[in-house]
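Hi everyone, thanks for making time.

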Amino acid sequence: MPATATLSSLAGTGAKRERPRRTRTKNVSHRPVLVLSGLPVQEFDLEPGTERLICPDCRTWCPITGVGTPKLVPHDQRPGQRCNGGSNRRVVVDVTVEDWRVAMDGSVRDAASRRARRQFYKPLPAPATPIHRINQPHRPTAEEALATYGAHRKQCTFCAGGTACATGARLAAAYARLERQEQAKQLKAKPRSAQWKAAAPAAQTAAIRRVGDELAATLRQLHGDLDRFERARLDLRITELTETLWWSL
């Protein structure tokens, strides 16, 4: 009767018994024991109530359970696949919580003080020379050809006297040819506006000549036998050509 009263009184007050911390299974892995002092400080956590470490086999965080025999709890390597090598593996806790905290603080300060190494970027290599330009002979310029021709004239008695020799004629022709080539390249390299500005006088002269020739030919047609429709057409064309010639001058 007193025992019954005691149980009823405990149930009425809502008191609960503390669940003992013990391993759920008595199985122990045959793998070597994991010693915390031999592991990096970043791979285990000794905060009270959350003791855990990284399983060396599957590299996942696993709780440490057991009071008398600490070991890793059975865990999965990946969903649906048990990590048999790391489950129930014994752990030797030979590091105190205070030492672990001090080591963690030191590692955090050391990581914060590190700097990333300066990156040095190599310049891009120059493009390779095309095959058709490898071992090409030197092409003389017009200035070099003129200097060669001048040096020859100083040494040659025929060229100095006004009569060009065969060598002098060849050097003069080479200079003239190179000069024309360089002028053509410069004209080709100029913008469209500069090219048109250089060619505009010649184009205008050619247009005036063409209009004048057509006007003269049209005036000669007036002396023939024409009806009134053909004469009116010629008069209209003469008026148009005369206005064009007037505005072109």
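Before anything else, a word on "contact": when I say it, I mean heavy atoms within 4.5 Å. With that, take the contacts in the protein between residues at least 6 apart in sequence: 47% of them join residues at least 24 apart.

Now, some housekeeping. This is a predicted model, where local features need pLDDT of at least 70 and side-chain atom pairs count only at pLDDT 80 or more, while totals for chains, interfaces and linings use all residues. Residues are numbered from 1 along each chain as its sequence is written, and side-chain values use heavy atoms, with hydrogens and water left out.

Okay, the overview. The protein has 7 helices and 8 strands; these are DSSP runs numbered from the N terminus, helices being H or I with at least four residues and strands being E with at least two. Its accessible surface is about 20,200 Å², and carbon and sulfur atoms account for 56% of that. Those areas come from the Shrake-Rupley method with a 1.4 Å probe, and for residues only the protein chains shown count as cover.

How much of the protein is buried? Of the 249 residues, 18% are. Buried here means under 20% relative accessible area, exposed means over 50%, and partly exposed is in between, with a 1.4 Å probe and protein chains only.

On to the inside. A nonpolar core is a set of buried Ala, Val, Leu, Ile, Met, Phe, Trp, Tyr and Cys residues joined through side-chain atoms within 4.5 Å. The largest one has 15 residues, and the members touching the most others are Leu36, Phe44, Leu46, Leu53, Leu72, Val91 and Trp100. Let's pick out Leu46: leaving aside neighbours within four places in sequence, leucine 46 is in contact with Leu36, Glu51, Val93, Val95, Thr96, Val97 and Trp100.

Next stop, the loop between strand E7 (81–82) and strand E8 (91–92), where serine 87 is found. Is Ser87 buried or exposed? Buried, because its relative accessible area is 8%. A polar atom of the Ser87 side chain lies 2.5 Å from the backbone oxygen of cysteine 83. Not counting residues up to four places away in sequence, Ser87 touches Ser29, Leu72, Val73, Pro74, His75 and Arg82. Asparagine 88 is in the loop between E7 and E8 too, and Asn88 is buried at 12% relative accessible area. Its phi is near 60°, a positive value in a residue other than glycine.

Another positive phi, about 60°, turns up at arginine 59, which is not a glycine either. Arg59 sits in the loop between strand E3 (52–54) and strand E4 (61–65), and it counts as partly exposed because its relative accessibility is 48%.

Last, a pair of helix residues. Histidine 152 lies in helix H3 (residues 142–155), and it counts as buried because its relative accessible area is 17%. Beyond its neighbours within four places in sequence, His152 is in contact with Cys159, Cys165, Thr167, Gly168 and Leu171. Of those, Thr167 is in helix H5 (residues 166–189) and is partly exposed, at 33% relative accessibility. Thr167 and His152 are 15 residues apart along the chain, and their C-alpha atoms are separated by 8.4 Å.

That's my tour, so over to you for questions.

Definitions and conventions:
Polar contact = N/O pair within 3.5 Å; in protein donor to acceptor, adjacent residues only side chain to side chain.
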